[in-house]
Amino acid sequence: MSEVFSATSADPAAEGAEDLVRARAGDDAAFNRLVRPLRRELHAHCYRMLGSTHDADDALQDALLRAWRGLARFEGRGSLRSWLYTVATRTCLDIIESRGRRALPMDLGPASDRAVLGDAPLTDVAWLGPYPGTGPGERYEQREAVELAFVAALQHLPGNQRAALLLFEVLGFSAAEIATTMNTSTTSVNSALARARKIVAEKVPSLGQQQTLRQIGDARVREIVAGYSTALERGDADALVALLTEDVTWSMPPLPHWYHGLEAVTDFAVRVPLTSCGSWRHRPATANGQPAVACYLRNDDAGAHVAWSINVLTLRGERIAEITSFVGPEHFTPFGLPPSLP
């Protein structure tokens with residue numbers, strides 16, 4: 001428990017125990033002190049379960065309200081952290097049951113061979129969204145567990161398999177603890193884990209982004225991000241193509257069409273972002289533990305470049321293998337990015 005509480009006294013564990021007594025007596029300030037150090041990791045867990053930062057916000061708020069109201073049921077036989085994960089997981093399972101899973105464009109249909117001009121957003125699809133932060137300051141396993149390919153693969157799992165896999169593989173819960181969390185048997189948990197591992201293994205590359213980024217090095221990653229941004233700002237197709245793998249993909253949720261292969265991606269890039277959209281400006285960012293670029297598009301009426309998309313880059317070696325452009329200004333606020341650039 002000592003890792004849960006801020007080290008502001010000689011005996012933080014005792015201070016935490018006192019806060020727990022106060023919280024059970026109705027002291028909301030004490031409860032907030034207990035949960036504050038855990039908010040970030042609980043929020044990341046909700047994102048992994050739900051595939052949306054906004055859904056994670058709602059789920060965490062609901063889970064903490066449930067925990068506050070049900071604190072008397074916490075008997076102290078396990079850690080408060082484990083109990084809060086149980087509450088958060090059950091909250092997310094309720095949301096999954098009512099809302100279903102989130103998707104990327106490649107989940108809806110085959111890639112397009114040529115640029116689709118005037119592509120319109122699909123508003124009746126629950127789209128996967130990016131996750132802010134998780135940069136060098138976060139632990140390695142925290143960044144790895146929110147990589148885009150992993151979170152996208154999780155969305156193909158039923159809620160119970162998703163929860164079992166995350167609790168076991170990411171958070172280190174035992175099968176028995178997971179069975180208690182999910183009100184099921186250990187046998188059911190082990191079965192869910194086996195099925196979940198098989199599906200995720202089919203969809204997630206064997207070499208994760210964190211391993212790739214460490215092999216490349218921070219300086220080279222910054223050069224790749226800067227080169228990508230500069231190529232878009234200058235409309236330089238050759239410079240952009242030089243950064244891409246032969247089997248590169250580019251998708252832009254909530255736009256349904258996506259592109260696979262250097263020829264199709266180049267056709268799209270030349271006909272749309274490099275020539276048809278207007279003036280771009282960019283800021284480097286980190287999303288899902290991966291390099292990202294915040295893209296701002298010139299709006300003459302606003303007299304500024306306005307928030308357009310968060311582009312998450314997936315690297316293979318020193319080239320870009322996937323560009324996932326999450327289109328919409330609503331993605332910028334969680335990243336602490338301004339809505340426009342003067």
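Modeller: Start with burial: buried means under 20% relative accessible area, exposed means over 50%, and partly exposed is in between, using a 1.4 Å probe and protein chains only. This is a predicted model, where local features need pLDDT of at least 70 and side-chain atom pairs count only at pLDDT 80 or more, while totals for chains, interfaces and linings use all residues. Residues are numbered from 1 along each chain as its sequence is written, and side-chain values use heavy atoms, leaving out hydrogens and water.

Colleague: Try me on one residue. Is Arg-66 buried, exposed or partly exposed?

Modeller: Arg-66 is partly exposed, because its relative accessible area is 32%. Asp-62 also counts as partly exposed, at 30% relative accessibility.

Colleague: With which residue does Asp-62 form a salt bridge?

Modeller: The rule first: a salt bridge needs a side-chain nitrogen of Lys or Arg within 4 Å of a carboxyl oxygen of Asp or Glu. Asp-62 meets Arg-66 that way, with the closest N and O atoms 3.5 Å apart. Now place the pair. Helices (H or I, at least four residues) and strands (E, at least two) are DSSP runs, numbered from the N terminus. Asp-62 and Arg-66 both lie in helix 4, four residues apart, which is about one turn of the helix.

Colleague: How many salt bridges does the structure hold?

Modeller: There are 15. Take Arg-99 and Asp-55, whose closest N and O atoms are 2.5 Å apart. That pair links distant parts of the chain: Arg-99 is in helix 5 (residues 80–99) and Asp-55 is in helix 4 (residues 53–69), 44 residues apart. Asp-55 is buried, with a relative accessible area of 7%, whereas Arg-99 is partly exposed at 45%.

Colleague: What is the N to O distance between Glu-263 and Arg-114?

Modeller: Their side chains meet in a salt bridge at 2.9 Å. Again the pair links distant parts of the chain: Glu-263 sits in helix 14 (residues 262–271), Arg-114 in the loop between helix 5 and helix 6 (140–144), 149 residues apart. Glu-263 counts as exposed, because its relative accessibility is 56%. Arg-114, at 43%, counts as partly exposed.

Colleague: Which residues are linked in a network of salt bridges?

Modeller: Glu-18, Asp-19, Arg-22 and Arg-33 are linked in one.

Colleague: On to rings. How many aromatic pairs are there?

Modeller: Rings of Phe, Tyr and Trp (its six-membered ring) pair if their centres lie within 6.5 Å; planes under 30 degrees apart count as stacked, over 60 as edge-to-face, and the rest as tilted. The structure holds eight aromatic pairs. Tyr-228 and Trp-250 make a tilted one, 6.5 Å centre to centre, with 50 degrees between the planes. Tyr-228 lies in helix 12 (residues 218–234) and Trp-250 in strand 1, so this pair ties together parts 22 residues apart in sequence. Both Tyr-228 and Trp-250 are buried. Compare Tyr-296 and Phe-332: their ring centres are 5.2 Å apart and their planes stand at 75 degrees, so the pair is edge-to-face. Tyr-296 is in strand 4 (residues 290–299), and Phe-332 is in the loop between strand 6 and strand 7 (340–341), 36 residues away. Tyr-296 and Phe-332 are both buried.

Colleague: Which residues form one aromatic cluster?

Modeller: Tyr-228, Trp-250, Tyr-259 and Phe-268 do.

Colleague: Now strands. In what sense do strand 5 and strand 6 pair, parallel or antiparallel?

Modeller: Two strands pair if DSSP finds at least two bridges between them. Strand 5 (residues 304–316) and strand 6 pair in the antiparallel sense over eight bridges. There, Ser-309 has Val-327 as its bridge partner in strand 6. The hairpin of these two strands has two residues between them, and Gly-317 takes a positive phi near 65 degrees. Strand 1 (residues 244–252) pairs with strand 6 in the parallel sense, over four bridges. Ser-251 stands opposite Thr-324 in strand 6.

Colleague: How many residues of strand 6 are buried?

Modeller: Seven of its nine (residues 319–327), so read it as mostly covered.

Colleague: Last one. How many residues has the largest nonpolar core?

Modeller: In soluble globular proteins, nonpolar side chains tend to be buried together. A nonpolar core is a set of buried Ala, Val, Leu, Ile, Met, Phe, Trp, Tyr and Cys residues joined through side-chain atoms within 4.5 Å. The largest here has 70 residues, and Trp-83, Leu-84, Leu-165 and Ile-310 have the most contacts inside it. Helix 5 gives the largest share of this core, nine residues. Contact means heavy atoms within 4.5 Å. Leaving aside residues up to four places away in sequence, Leu-84 touches Val-35, Leu-38, Leu-42, Leu-64 and Ala-67. A second, separate core has 33 residues, including Leu-262, Val-293, Cys-295 and Leu-313.
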